[in-house]
Number of protein chains: 2
Amino acid sequence: MLASASRLANVSRLEDLAKRDGFDAVVATCPENVTYLSGFWAMSQWVRRGPQAYVLYPLKGEEPCLVADSGILDLVADQDPWVKEVRRYGYFQVNVDPGADLDHADSAQQLLFETDAYAGSVDALVAAIKEKGLAKGRVGLDETGITPQCMDQLTAALPNATFVRAFGFFQRVRAVKTAGEIEILRHVAGVTEQAIEAALAIAEEGVSERDMMRAFNTCLVQNDAAPVVGCIGFGNRSAMINAQPSERTLRRGDLIRFDVGARYRHYRSDMSRGACLGEPSRRVAAGYAAVEKGVLRSYDIIKPGMKVADLFNAVVETVRCEGIPHFRRSHVGHGIGIDGYDPPTISEKTPEVLEEDMVLCVETPYYELGFAGLQVEDMLRVTKDGVESLMTLPTALRIV
Amino acid sequence: MLASASRLANVSRLEDLAKRDGFDAVVATCPENVTYLSGFWAMSQWVRRGPQAYVLYPLKGEEPCLVADSGILDLVADQDPWVKEVRRYGYFQVNVDPGADLDHADSAQQLLFETDAYAGSVDALVAAIKEKGLAKGRVGLDETGITPQCMDQLTAALPNATFVRAFGFFQRVRAVKTAGEIEILRHVAGVTEQAIEAALAIAEEGVSERDMMRAFNTCLVQNDAAPVVGCIGFGNRSAMINAQPSERTLRRGDLIRFDVGARYRHYRSDMSRGACLGEPSRRVAAGYAAVEKGVLRSYDIIKPGMKVADLFNAVVETVRCEGIPHFRRSHVGHGIGIDGYDPPTISEKTPEVLEEDMVLCVETPYYELGFAGLQVEDMLRVTKDGVESLMTLPTALRIV
């Protein structure tokens, strides 16, 4: 049984970082940050651009507040997020059977519908900000989910508030995971590995990249995970950075590159493995071993306090020494969580150090057109004094 | 064989509407509009918020231009979109095997990588705007995909250009579909119907909502479609607006409500059907028949030139006369295309009239907590002189 999704946010880190930035409150507006901060999955904003949902999180003791369209109040009732104050906006018609004995979720929904609806999302947010004494406050607002029109309306309604763009702030908060998040990330990593196994189980001459994608995705949805990124390339197509499955069929000696990810209970996976139908060429085997050793090197050296830039340099240097002397990369990985790329980006220029409970994807892809794409990517967690893998699949080139 | 995805945009409509709005150029920035306008699927912006891709479409004869991150140039080469001018930005390392005989896509990618990279997405867009003589122009810019930071940079770099928010403009363009779009929408409708059939095929006592969701999603991914919206509710849970599948198991007499959609080649489906395990209660049967007749009424009256508000009123009135006198709705449907909600919204206040080749979802959901959710939703196309269904599943309540 997995931990409840109700409170996954790293609230203590959020409060520390908000104090440092001098925020009186923060507001989440994009799907990832709304779900992260409140536990509430506002379906409409996940499946389209435009629908507005917000979480106002005051930092001086007032209760946090969720702003949601009336048309998703059933989800509020059903999910029962830990943020209990809900302000709804807009009209939506739901009837109630007067003779029925309502269950818990239906009763909760009925109560939500009995509250007054604000005209629009910003009206609800403005009212909450005013009532919590924040109308003259400094508010860190995630600028990526609110529409420009709503932002105009918000600043006009609160001329004495100071709004600071805070998408980067939320990213920094999310960089260090809570125990609940790690449990989900471990689960989604396992499901994704299982899907790679399911795809490789059908590997034989004549099978197409699309056939393998279908096997991969089928395994994901059978495990209640959603396909997100599915790059599967055979032979020279494996060198395509984002290889989208085609009708190209598998031939003996082909390299198969997976760079794949899924979403489970809103959290993302991202990993890479290579396989070969029959014996690989010496060049593929040697190149793959080099990129593999780059990733394995990270297990020897990662610990809290390490400079991310040092990790980058060590991994790149390892790949170069182990067989690809001209290996170059902009980054060799990134954080992962409710978004596919959380901080830190593992690059030469990253100023941060590693912290305990960061979850990282470490990857060393090498793309050579006309030859192949060689990639190993592991999901791992920075522990108190080292590192732990969230993976179980061997990193070595798999022969199928 | 489906039509090529390379040119699905309604370019003549775009040019007419742009003339009316006095635009010298338009810029697409959100995933839907970038893919719509160029045929290019910029994966990174589809799976996350933040990655930038643009299409500049000048209206005075200059060539359109695609702006893309260097890390997705393989997708440009592989997809070969009809917009041929590509400006890339950012660093990404791809090598080339000097001894290899590159295939068409790899050669195209190599050529793209040989072009100079701009530092950032806005640098590339600014250069394109200047070179096409639009630096003093009136530019309709989709405000939903560009970050506020990039928007600041753009307006600072082009102080004499006038930027007008154009997400609504793109929605109006997209409202009338091309033949290629209709073909894809028909296909995704068919695949989604097949998935409903697959889900109902496992209906028996003890099966859970999640089991049925898995059967539904498995059928989708087996047909290369992606799950997007999956609301499946049994019994009283069917009354939840966005019923998310739970462990609730099916019991004899339960209503099953599907309100489901998928994505295939970027285009969306959205449809609803009801079924019952065994005989429905008289109340369910009568209520379902009422909402069904509301949808069927639309087939009698839809034609180009009809006021959308009249369609709303006729459908609502039909449901009221046929058995739910207190039926109320904010809308009884919407357009659908590359986004799940295209114009027109079928509401009382919509000023537009129907046009040939609009593709509509007509729906009459009735939610009653403690009782059930009754819903029929059809995808249909406005034809030259009437209407054509994109559906084949009967609308009647299915007994399983």
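**Entry 1: counting pairs.** I searched the whole structure and got 58 salt bridges over all chains. For me, a salt bridge is a side-chain nitrogen of Lys or Arg within 4 Å of a carboxyl oxygen of Asp or Glu. Side chains of opposite charge can pair when their charged atoms come close.

**Ground rules.** I'm working on a predicted model, where local features need pLDDT of at least 70, side-chain atom pairs count only at pLDDT 80 or more, and totals for chains, interfaces and linings use all residues. Residues are numbered from 1 along each chain as its sequence is written, chains are lettered from A and ligands numbered from 1 in the order in which they are written, and side-chain values use heavy atoms, with hydrogens and water left out.

**Entry 2: a pair within chain A.** I looked up Lys132(A) and found a salt bridge to Glu85(A), with the closest N and O atoms 2.7 Å apart. This pair links distant parts of the chain, 47 residues apart: Lys132(A) sits in the loop between helix 6 (121–131) and strand 6 (138–141), and Glu85(A) in strand 4 (residues 85–89). Helices (H or I, at least four residues) and strands (E, at least two) are DSSP runs, numbered from the N terminus. Lys132(A) is buried at 9% relative accessible area, while Glu85(A) is partly exposed at 22%. My cut-offs are under 20% for buried, over 50% for exposed and partly exposed in between (1.4 Å probe, protein chains only).

**Entry 3: a pair between chains.** Asp152(A) and Arg165(B) form a salt bridge, 2.9 Å from N to O. It crosses from helix 7 (residues 148–157) of chain A to strand 7 (residues 162–165) of chain B. Asp152(A) is partly exposed at 40%, and Arg165(B) is partly exposed at 40%.

Entry 4: Asp211(B) is partly exposed at 27%, whereas Arg214(B) is buried at 17%. I also noted a network of salt bridges with shared partners, joining Arg48(A), Arg174(B), Lys177(B), Asp339(B) and Asp342(B).

**Entry 5: symmetry.** How many degrees of rotation superpose chain A on chain B? I get 180 degrees, with 0.0 Å of shift along the axis and an RMSD of 0.0 Å. That is the relation of a two-fold axis. I superposed the copies by least squares on the C-alpha atoms of residues with pLDDT of at least 70 in both. Of chain A's residues, Thr218(A) comes closest to the rotation axis, its C-alpha at 2.7 Å.
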